[in-house]
Amino acid sequence: MLASEFARERTRGVCVKMLESGVTTGVVVVAAVYVWWWGQLDPFIILLTLTIIASVWYSRRRHSYWSSQGISSPPSLPFIGHLHKIVTLTNYRWELLHELYNEFYQEKCFGMYECFKPVLIIRDPDLLKNLLVKDFSHFTDRRAFGDQEGSLMNEMLANKNGEGWKILRSIMSPTFSSGKMKRMFPLVCQNVQTFISACLEEAKQNEYVNMKDKSGRFSMDNIASCAFGIECNSQSVEKSMFAENAEGFFAVTPWKALRFFLMILFPKAFNAVGLKLDSHEIMFFLRIVEETVKSRENAPKRGDFLDLMLEARGDTNDDNTSVKNVLKDKAMVAQCVMFLIAGYDTVASVTGFCTHLLAKNPKQQERLRQEMQDLVRENEGLTYEGVMEAKFLDACVMETLRIFPPGTLGERVCTKTYRVPGTEITVRPGDLVQFPIYSLHRDPQYWKDPLQFRPDRFMGENKAEIKNFTFMPFGMGPRNCLAMRFALMELKAAVASLVLEVDLQLVPGHEEIILDHSPIILRAKHGIPLIMKPRKTTVHTT
Ligand code: HEM
C-alpha cells in the first residue's frame, strides 16, 4: 500500500470512529434530556402519552387487516377508518364510493373500515356471483340492526338473520308469486287511475306536474291498500292519518339520523343505553293492522298481503307448525310496516325517474306509447299479463333502474370463514361485504355511454349480452328483493297508463334531476316537474 493510500485509510477510520462516537454521544445526550424531561412530567401526562401511543398502535394494527392480505385500501384516519367517507352531510355516499370504485379500477375488490369493522367492497362481477349465489351459505346475513329484542324492527324479514330469516323468507316468498300478484293487480290499477286523475287535474291547474309528489302519493296508496288493507287516498288534498304518519315516519330529523347511525355503528351500546328505533308512527301502523286483521275474520277477501299472510297461516292445520309460530300477529304487523319502509320511496323514486327519462327522450316515449296502444287493442285494456310481458315497457323500466337504482349499495355479513376463490383473501365471520350497485350500473366497461338512456340495451340479443352481476337493482341471490314482482307490477302499470293518457315533456331548466343527500336510497332532491299534455285515450284495466 502506498503511503498516501495508507494515510487516506487512517483518516477514513478516524472519521468513522468520530462519527460513531458522535452518534453515540448524541443518543446518550438525547436520552439523558428525555429522562430528565420525563422525570419532570406529571405521572398523569406520562400515562396519557403511553395510552395515546398504545391506542394509535392498536388502531394501525386493526387498520392493517386488509393490507396484510394484499388488499388495497384508501388512506384511513386513526380509529374512525373511513367513516368520514361514509357518514357525510356534504357529499353523496354513493358518489364517494363511486370515486373509490374508479380509483381502484385495476382491483377486483378493495377494503375499507367503519371504525374497526372491516368492509370489503367487491368490484368484480364474477366474485359477486360466488358470494351472492354459489357460496351464499357463507353470507346469509345482513348487518344486525341493534334494536331491542322483541321490538317490531327485529321481527321484519329484512332485519332477520340465520335460521329465523330462512324460515320467514320461505313463508313469505309464495305471497309474491305471479298468481298472487295477478290477484292484486286490480287493487294497484285502482290506485293507478287515482294517480292519473290527480296528474291530469294538476296539469289543468298548473303549468307543470310535480312527479316526485304525485308518484310518492301513488306508492303510498299502493302500500296502504295492498299491505295495510285500507284506502288512504293520499292524492286528495286532505291528508289521511295514514299519509301523515307515513310522512312523519320518513321525515329525517337530526336526532333520528344520529340514532340511526349510533344503531348501525355501535349496536351493543345502542341497546345498552335503551335507545329504540320504534317510533310513535310505528305504533300507529301497528294499531291499523291489528284492527284490520280483526275485521277480516268473516269478511270477503281483498287479495292483499294481509289476506295472503292470513291464508299462509290458515293453510296449516297443525298448531305446532312453524308457519303458525313464526307468523304471529306481531310478526305480521312487522312485515306490513317493512313493506312501507322498503316499498314506499323505492317505487316512488323509480316512477318519477322513468317519467323524467321518457320526457327527455321523446322518441323512446313514442315507441313505448305505440307498444302500449297495440297492447290495449289486442287485450281490450291493460291486463296483468300484457303489462308484465310487454318487451319495450320492460326495457324502459330496466334502463331507468340501471341509471337510477334506488338501492345504491348491497351488503352481506360473513357468517362462515371464506377464502375468496382464486385469491389469498380470507373473509372472517363478522366482516362486511358490499356490492356497489350504482357503480356497476354506470361502469363504461360494461355499459357503453352509461349515462345515456338506451332501453335497447335490454331488448332481444343485447339483453343476452349483458354481463351477469353488472345489473342488479333488486340485489341478487336468495336474499334479493322479496317484492320484485310487486314493485315491477306497480311501476309498469303506472308508466303504461301514463304514456297512454298524456304526452310527457320536460320543463325548461329542469333537464337534469338533482339527487338528494340521502345515505343509501337514490331520490330526487327538489322534485321532478313535468309538463303533461292530455291525449284523447281512455285506458281500461282488466
Ligand atoms: C323499484 C323498487 C324496489 C327496488 C329497486 C328494491 C331493491 C331492493 C334491494 C336492492 C334489496 C336488497 C337485496 C339484496 O340484498 O340482495 C331489497 C330487499 C328487500 N326488498 Fe326491495 N326494492 C324495491 C321495492 C320493494 C317493495 C315494493 C317491497 C315490499 C312491498 C320490497 C321489499 C323488500 C324486502 C322485504 C327486502 C329484504 C329481503 C330479505 O332480506 O330477504 N322492496 N330490495
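1. A nonpolar surface patch of about 660 Å² is formed by Phe-44, Ile-45, Leu-48, Ile-52, Val-56, Leu-77, Phe-79 and Ile-80. Patch members have over 30% relative accessible area and no salt bridge, with nonpolar side chains (Val, Leu, Ile, Met, Phe, Trp, Tyr) joined within 5 Å and like charges within 9 Å. A salt bridge is a Lys or Arg side-chain nitrogen within 4 Å of an Asp or Glu carboxyl oxygen. Areas follow the Shrake-Rupley method with a 1.4 Å probe, and for residues only the protein chains shown count as cover.

2. This is a predicted model, in which local features need pLDDT of at least 70 and side-chain atom pairs pLDDT 80 or more, whereas totals for chains, interfaces and linings use all residues. Residues are numbered from 1 along each chain as its sequence is written, and side-chain values use heavy atoms, without hydrogens or water.

3. Ile-52, one of the patch residues, belongs to helix α2 (residues 43–62). Helices are DSSP runs of H or I, at least four residues, numbered from the N terminus. Ile-52 is partly exposed because its relative accessibility is 49%; buried means under 20%, exposed over 50%, and partly exposed in between.

4. Lys-391 lies in helix α19 (residues 391–403). With a relative accessible area of 58%, Lys-391 counts as exposed. Leaving aside residues up to four places away in sequence, Lys-391 touches Glu-371 and Met-459, where contact means heavy atoms within 4.5 Å. Lys-391 and Glu-371 are 20 residues apart in sequence, and their C-alpha atoms are 8.5 Å apart.

Technical notes
Helix = DSSP H or I, 4+ residues; strand = E, 2+ residues; numbered from the N terminus. Buried < 20%, exposed > 50% of the residue type's maximum accessible area, 1.4 Å probe, protein only.
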